[in-house]
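User: Can you walk me through a few local features of this one? I'll jump around a bit.

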Amino acid sequence: MVDALRAAGASVLEAKVYGWVAPADPGPLLRLCARVAEGDVHALTFTSAPAAVSFLQTAKDQDLLPAVTAMLQHQVVAVAVGPVTAAPLIRADIPVVQPGRARLGAMVRELSVQLPARLAQKVTAAGHLLEIRGTGVLVDGVFVTPGPTGMALLRKLSRHPGQVVSRAELISELSGGGSDTHAVEVAIGRLRTALGDPRLIQTVVKRGYRLAFDPEVASTGRY
């Protein structure tokens, strides 16, 4: 456009109306990269291509790019305002949700539809409906946060509802690892308290624990 105006004899003064610079304080960005790598974020929204490039470069500088990319490919939803913004993410093999119109409002509406559908895992247990999300769980519509260890145990138990998971298998979900089965018992007790109904997680003597499961309710969709 500038060339065409000048070719027509106009004197053109170019004004920069939009620019992107690195943040003066990189701390929040560094923490965001770490939280994404740990799967502690539901979704990331991007409104400019330079911001997407900066995020990926920051993750690379922190040796977190493989973990961040894996999370964005499988667990954390990446949302871009439009195709130009999405391009750096797509080049990194990251699937991107985009609205039909490249507008901020349209992106927010798309996110409000996509996020619950993609992230919530629904399971019935002991007459309750559980919706397991990123950092918490809805129990009959009430959101509770059992903490990182509790969520790790709940995800392990919910992969195969009704099946027994041994204490040895659950130990691997505890922060810090170890081999103390008593630590599993304590963590399960705290998870039961957080969920509000101890019947949700059943103890199978000398074998381990299982998430209470009603296959008839699950198959019919009745809650």
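This is a predicted model: local features need pLDDT of at least 70, side-chain atom pairs count only at pLDDT 80 or more; totals for chains, interfaces and linings use all residues.

User: Where is Leu-44 placed? And is Leu-44 buried or exposed?

Analyst: Leu-44 sits in strand β1. Leu-44 is buried because its relative accessible area is 7%, and the cut-off for buried is under 20%.

User: What do the buried residues of α3 pack against?

Analyst: They pack against four elements: α2 (27–37), β1 (43–46), α4 (65–74) and α5 (83–91).

User: What span should α3 have, and what is the distance between its end C-alpha atoms?

Analyst: Helix α3 covers residues 49–61, which is 13 residues, so at 1.5 Å a residue the span should be 18 Å. The end C-alpha atoms are 18 Å apart, in agreement with that. The expected span is 1.5 Å times one less than the number of residues.

User: What happens at the start of α3?

Analyst: A side-chain oxygen of Ser-48 comes to within 3.2 Å of the backbone nitrogen of Ala-51.

User: And just after α3, which residue has a positive phi?

Analyst: Asp-63, with phi of about 60°. Asp-63 is a residue other than glycine, and its place is the loop between α3 and α4.

User: Is Asp-63 buried or exposed?

Analyst: Exposed, because its relative accessible area is 70% and the cut-off for exposed is over 50%.

User: What about Asp-93, what is its phi?

Analyst: Asp-93 has a positive phi of about 65°, although it is not a glycine. Asp-93 lies in the loop between α5 and β3 (96–97). Asp-93 is exposed, at a relative accessible area of 58%.

User: Where is Ile-94, and is Ile-94 buried or exposed?

Analyst: Ile-94 is also placed in the loop between α5 and β3. Ile-94 is buried, with a relative accessible area of 2%.

User: Which residues does Ile-94 touch?

Analyst: Not counting residues up to four places away in sequence, Ile-94 touches Leu-56, Thr-69, Leu-72, Gln-73, Ala-78 and Leu-89. Leu-56 is one of the buried residues of α3. Ile-94 and Val-77 are 17 residues apart in sequence, and their C-alpha atoms are 9.3 Å apart.

User: Staying in α7, is Ser-158 buried or exposed?

Analyst: Ser-158 lies in helix α7 and counts as buried, at 2% relative accessibility. A polar atom of the Ser-158 side chain is 3.1 Å from the backbone oxygen of Arg-155.

User: What else is in contact with Ser-158?

Analyst: Leaving out neighbours within four places in sequence, Ser-158 is in contact with Gln-121, Ile-132 and Leu-211.

User: And Thr-149, where is it?

Analyst: Thr-149 is in helix α7. Thr-149 is partly exposed, with a relative accessible area of 23%.

User: Last one, Val-164. Where is Val-164 found, and with which residues is Val-164 in contact?

Analyst: Val-164 is in the loop between α7 and β8 (165–166). Setting aside neighbours within four places in sequence, Val-164 is in contact with Val-204, Arg-207, Gly-208, Tyr-209 and Arg-210. Val-164 is partly exposed, at 22% relative accessible area. The C-alpha atoms of Val-164 and Leu-211 are 7.9 Å apart, at 47 residues apart in sequence.

Terms used:
Residues are numbered from 1 along each chain as its sequence is written. Side-chain values use heavy atoms; hydrogens and water are left out. Helices (H or I, at least four residues) and strands (E, at least two) are DSSP runs, numbered from the N terminus. Buried means under 20% relative accessible area, exposed over 50%, partly exposed in between (1.4 Å probe, protein chains only). Contact means heavy atoms within 4.5 Å. A polar contact is a pair of N or O atoms within 3.5 Å; within protein, one must be able to donate a hydrogen and the other to accept it, and residues adjacent in sequence count only if both atoms are side-chain atoms.
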